[in-house]
Amino acid sequence: MAQNSILLDKSLHFAARIVKLQKYLLKEKREGIISKQIIRSATSIGANANEAIYGISKADFIAKLQISLKETAETEYWLRLLILSEYISEELGNSLLNDCLEIKKILISTLNTAKNTNAN
């Protein structure tokens with residue numbers, strides 16, 4: 001269960017960073033399309049992870065975490081695009097990307113453990 005709390009904590013703090021990023025993109029760069037996409041995917045990571053913890057079954061737990069993993073992959077894409085299109089600095093982008101990839105590793109590890117653990 002410790003890994004779950006780490007996942008929830010990291011995904012919440014990551015989402016907060018993305019909310020701040022969206023504010024910056026809207027105010028300073030007047031960019032609304034990518035910022036809408038990244039806010040949806042990044043905040044969905046933690047929301048689905050939270051739902052997974054309270055899932056009604058192991059299958060539900062796994063399904064919600066797989067959604068989180070998909071959202072993490074999408075967020076990774078938007079971050080790479082923001083860096084390449086120079087909406088954000090490489091330094092900021094790489095910092096956010098590192099957080100995203102760390103969450104991705106935790107999700108993969110948690111999913112592998114859940115899939116390989118017998119029910120009950």
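Modeller: Begin with one residue and its partners. Setting aside neighbours within four places in sequence, I34 is in contact with W78, L81, L82 and Y87. I34 lies in helix α2. Keep in mind that this is a predicted model.

Colleague: Is I34 buried or exposed?

Modeller: The cut-off for buried is under 20% relative accessible area. I34 has 12%, so I34 is buried.

Colleague: How many residues separate I34 and W78 in sequence, and how far apart are they in space?

Modeller: They are 44 residues apart in sequence, while their C-alpha atoms are 6.9 Å apart. For the chain as a whole, take the contacts with a separation of 6 or more: residues 24 or more positions apart account for 75% of them.

Colleague: What is the order of elements along the chain?

Modeller: The pattern is α-α-α-α. The protein chain has four helices and zero strands.

Colleague: Which residues of α4 are buried?

Modeller: They are G93, L96, L97, C100, I103, I106, L107, T110, L111 and A114.

Colleague: How should I think about a nonpolar core?

Modeller: In soluble globular proteins, nonpolar side chains tend to be buried together. Here the largest nonpolar core has 30 residues, and those touching the most other members are F14, I18, L21, L65 and L79. At least two residues of this core come from each of α1 (2–28), α2 (33–53), α3 (58–84) and α4 (90–116).

Colleague: Which residues does I18 touch?

Modeller: Not counting residues up to four places away in sequence, I18 touches I38, I39, A42, L79 and L96.

Colleague: What about a serine, such as S44? Is it buried or exposed?

Modeller: S44 is found in helix α2. Its relative accessible area is 15%, so S44 is buried. Beyond its neighbours within four places in sequence, S44 is in contact with S68 and E71.

Colleague: How is an aromatic pair described?

Modeller: A pair of aromatic rings is described by the distance of the centres and the angle of the planes. This structure holds one such pair. Y77 and W78 form it, with 5.0 Å from centre to centre and 75 degrees between the planes.

Colleague: Why does this pair count as edge-to-face?

Modeller: Planes over 60 degrees apart count as edge-to-face. The planes of Y77 and W78 are 75 degrees apart, so the pair falls in that class. As for accessibility, Y77 is partly exposed at 48%, whereas W78 counts as buried at 15%.

Colleague: What should I look for in the backbone angles?

Modeller: Most residues other than glycine have a negative phi. R30 is not a glycine, yet its phi is positive, about 55 degrees. R30 sits in the loop between α1 and α2. With a relative accessible area of 74%, R30 is exposed.

Colleague: Where is E86 found, and what is its phi?

Modeller: E86 is in the loop between α3 and α4. Its phi is near 65 degrees, a positive value in a residue other than glycine. At 65% relative accessibility, E86 counts as exposed.

Colleague: What share of the residues counts as buried, and what is the accessible surface?

Modeller: Of the 120 residues, 40% count as buried. The accessible surface of the protein chain comes to about 7100 Å², and carbon and sulfur atoms hold 54% of it.

Technical notes. Residues are numbered from 1 along each chain as its sequence is written. This is a predicted model: local features need pLDDT of at least 70, side-chain atom pairs count only at pLDDT 80 or more; totals for chains, interfaces and linings use all residues. Side-chain values use heavy atoms; hydrogens and water are left out. Rings of Phe, Tyr and Trp (its six-membered ring) pair if their centres lie within 6.5 Å; planes under 30 degrees apart count as stacked, over 60 as edge-to-face and the rest as tilted. Buried means under 20% relative accessible area, exposed over 50%, partly exposed in between (1.4 Å probe, protein chains only). A nonpolar core is a set of buried Ala, Val, Leu, Ile, Met, Phe, Trp, Tyr and Cys residues joined through side-chain atoms within 4.5 Å. Contact means heavy atoms within 4.5 Å. Accessible areas come from the Shrake-Rupley method with a 1.4 Å probe; for residues, only the protein chains shown count as cover.
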